[in-house]
Every structure is written in C-alpha cells, then in structure tokens.
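Open your viewer and get ready to select. This tour goes one stop at a time.

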Amino acid sequence: MGPQHPATHGVLRLVLTIDGEIIKKVDPDLGYIHRSIEKMCERDSYQQIVHLTDRMDYLSSNINNEAVCLAVENALQLEVPDRVKVIRTIIGELTRISSHCLWWGVMGMDVGALTTYFYGFRDRELINDIMEETCGARLTMNYNVPGGLMFDIHPNFVSRVKKFVAHFKTKIPEYDRLLTNNVIFQKRTKGVGVLSKEDAISFGASGPVGRASGYSCDVRKYHPYSALDRVTFNEALQTEGDTFARYKVRIQEFWESLSIIEQLIDNIPEGEHRVPTNAVIKLPKGEYYQKVETARGELGVYIISTGTKNPYRLKFRSPGFSNLSLLNHIAVGGKIGDLVATMATLDLVIPDIDR
Amino acid sequence: MTNEALQNNITKWFPDAEAAGLTFSEEESQFLNIDISPNNLIELMSKLKSNEDTSFDYLFCLSGVDWGEELGVVYHLESTLHRHQLVVKVRTPDRENPTLDTVYSIWKTAEFHEREVFDFFGITFTGHPNMKRLFLTDEWQGYPLRKDYEDEINMILK
C-alpha cells in the first residue's frame, strides 16, 4: 500500500501480507519524509528550533511550538505574563478544533462519504482566517517564541473567535446527522480495530486513541500547562476501544475545546505580550522534559543541555510514532477496508512520525 | 510515592548496589534518575513494572544518547496507577558493537523506539523481534546521530 495513496494521510508505505482479503501482517515502511530534525536541532539556537517544530505535526503547529517554548521557559525559570498564558491556551484549543475538523472530513472521505471533506474544510477556513489575521500564517503559525508571543493579538481577535464559537456550535449537530448517526458508517466502524486498555498502555497510545480504550491520559488534566489549570472541562473517555469509540472521543473533544475557549475568551488579562530574553539563549546544564497534549496525543520534548547555546541532544517523543506501532496488533484478522477505517481514526500525520 | 520512597524501595531489590552499578541522582533534572549497568537492566525494568507499589506500566520516551565516550539509552517511565515518574539510564562503553537487552517483552512500545535507536546510534538490542533500520534505507552506512558522524554531502555545518 504505497507511499502515494489517498488513505494513508501522508507518505506512509505499508507492506501488507494478505490472504485473499484478510490481513495477516502489517509492516510500516517509514522514512519518506525524514528530515533529521533532531540532528538539525543540535546545531541550531533555541529560537530556530521553534521554527522546526511547526513542520513536524503541521496540523497542531501552535501546540508544538508551545512545547518547546515551555521547555525553554521552565529551564530558564522565566515567568511569562498571564496574558500570554491565556492567549496560548485559546490558540491551542482553536488549533485542536481545526485539526479535528480536518480529521473528520478525511474520516468520512476514507470510508466513502466524500461530502464530509468539504464540510470539514469549510469550517476550518474560518479558523484559518482568524489565525491569518493574528499570527500571520494559515498552517505553520510560528506564533509562540521563548518568552511569549511574537505579536500581540489583533483587535478583531476576540469578536471573531466569539462569532466562530457560536457558529460552530450549530455545526456539530449537523456533523452528527451526516456521519455519526449514519447506519452505513456505524456498520463500518463498530467492532472494528478493537484495542484493550492494557494494550493501549503497553503500546504507549496516548490522546484520543488511548482515551477510547478507557485509559485516562489527558496531559491537560494530569500535567497542566499555560492557563489549563484554571479552566474546567471533562475528559472524553469511552470504553469499547473500537473505531467508533475513537470517533466519538474526538467529537466530544470538539465540545470540550469550545467550552475551554468560552471560559477564557471574555477575560483576557491585560499586560505585555512578550518578556525579553537574551539574544543568545543558553539553558543551564541539565535535562528537561515537557509534555503537551496535541490533537494527536502526548508530545514530549526532551532536552539535554551542557550549558552551551545549542542543545546537546533534543528528542521529540511524537504521539503518532507510538500510535502507529499498534496498527499491526489491531488490524490483523480484519479486511483491507477495515484497515482503512482504523487508520483514519488513529489520525496519523506522517511528518510527525518521521520527523 | 515520593522520590525518596521510590529510592528506598528500589534499593531493597539490589542488596549489592555497587556490583549492579545502581546509582540515584536528582540534580539537574526534574525526575529521579537511576543509573544501572547493562547486565541488570532487565531485572530492574521487570521489577519496576510488576511491583505493585511502583507499577510503572507506561514507557513514554525511549531515547538514544551519545555521551561522548559511551553510548546509552534513557527511559522515561510513568505509572498510570500512582502517577509518579522516573528516569532510567543505561550506558555501554563499547562503540564498535554496542549491545543492550530489549525491553520489548515488558513494554510493547519499545519495538519501534528501539529500531529507531538502532538506526541512528547503532545499538543492537538482543531479543528484539525485528532488528533492522527504520527510517533510513537498509544500505545506509554509518549512524547519523552519533557525535563523530561525518557526511560531506548531506550535512551542513555552520
């Protein structure tokens, strides 16, 4: 199942061993978009590293930037203003909604309902327009810097976000009428690709994939960062562990992200948008680890620093890498059509895996 | 459990700590760090998972590191029951043919992570079901993330 395929969501090559239509073994062949980001980080400064993180999981690029910025700020013991924390959380949740909109559109397209693609992208355009006005770009935002934000938010930001939240709340029931309650979709996804809770923990699954199997793993709850410790939201958990459960977890995450934005958007504190740092950032000697919750799962940034201006070793623990390792376990015994539906709910973005 | 309690518990499992190469450290890191020698790695890891007080069932990061003279691996562990975290480090001084034991039988996520470490550092994991390169092509010579890797065509240095 070659690198150019509409259902593999990127350049992923799967070598399938099949018997008729039943799958016996799935062997992923990675490396088509490997750009040696970890080696490049060893010669770049910390501000330059933030630019590289955009391109890893490009659908949640703001959250990737936030991970490295938080790691650097915690290492330097730099306190950013409240305004920065609240805006980072709002933009992070908007990014999560935008990534799930694209996921939902592509999920329908993979099982054959092409209409959902256009509905998902139409709503995603509204978020892209908000991002373009404030951050300057539509996909690789690069808005977070160590010390704060690159620019202050646009004066229209608050009103546009509130208008979007009100609009999107009428759209999610429309998504439910179109796909969730559709009997063909339910037959394609119920009971397919079942993952038990012990396997989810052993394979290192995180994010919606883990939560659909009953494994409570939301980094926003257990290791909160930025303004996430002052909002209340529920963790989206299901117990069946099949494809339909992973689907329902992400639909519920739409509602939870909207609720977080609503709690924060009216009370953005006044203050600076950036704290000055040295032009050349040197982290003190030591090891630092920062976890964030991207739309795919738990992203980890592990920095080993010897006190110089480049990291000695920087490792990105990407959520897609661990999620892909369980594909062989859950797809064996099913048909090729089931594999396509399962891969759509694992929500893989291949540059995140290959780095 | 606090770091102190963890340290006390784990010390009890190895009565001869010096022969096992077991040391604890908390400086320069936000977690409790354990250094262990390669021979006792599997014993420590399986006890960390199976013991009910520690129960580290979630391996969330496995990274290879080139320490200059030695090559090694750093494991970040978390317990989903008690929600405490730990770091285990193991080093081997052999740079020609480094080998370590695999932890695939303890945490299944290690399968892909150890293939990645083999690809970039050259550390072979004994007992791994599928020890071959992951990202680079099978014919690639050399191990790129080592500090002494040179490649005039593909590497751009400042």
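Predicted model: local features only at pLDDT ≥ 70, side-chain atom pairs only at ≥ 80, totals over all residues.

Residues are numbered from 1 along each chain as its sequence is written, and chains are lettered from A and ligands numbered from 1 in the order in which they are written.

**Stop 1: chain A.** Select chain A. You get 15 helices and 7 strands (DSSP runs: H or I, at least four residues, for helices; E, at least two, for strands; numbered from the N terminus). The C-alpha trace spans about 60 × 45 × 35 Å along its principal axes. Buried residues make up 51% of the 355 residues (buried: 20 or more other C-beta atoms within 10 Å of its own, with C-beta atoms placed from the backbone).

**Stop 2: two helices.** Select residues 61-76 of chain A, helix α3, and residues 82-111 of chain A, helix α4. Their axes (lines fitted to C-alpha atoms over the stretch in contact) are 8 Å apart, at an angle of about 140°. Now show A:Asn62, A:Ile63 and A:Glu66 of α3(A), which meet A:Arg88, A:Ile91, A:Gly92 and A:Thr95 of α4(A) (contact: C-beta atoms, placed from the backbone, within 7 Å).

**Stop 3: chain B.** The contact takes 28 residues from chain A and 25 residues from chain B. On the side of chain A that touches chain B, β6(A) gives the largest share, 4 residues.

Note on methods
Contact = placed C-beta atoms within 7 Å. Axes fitted to C-alpha atoms, helices over the stretch in contact; angles between N-to-C directions. Buried ≥ 20, exposed ≤ 12 C-beta atoms within 10 Å, placed from the backbone.
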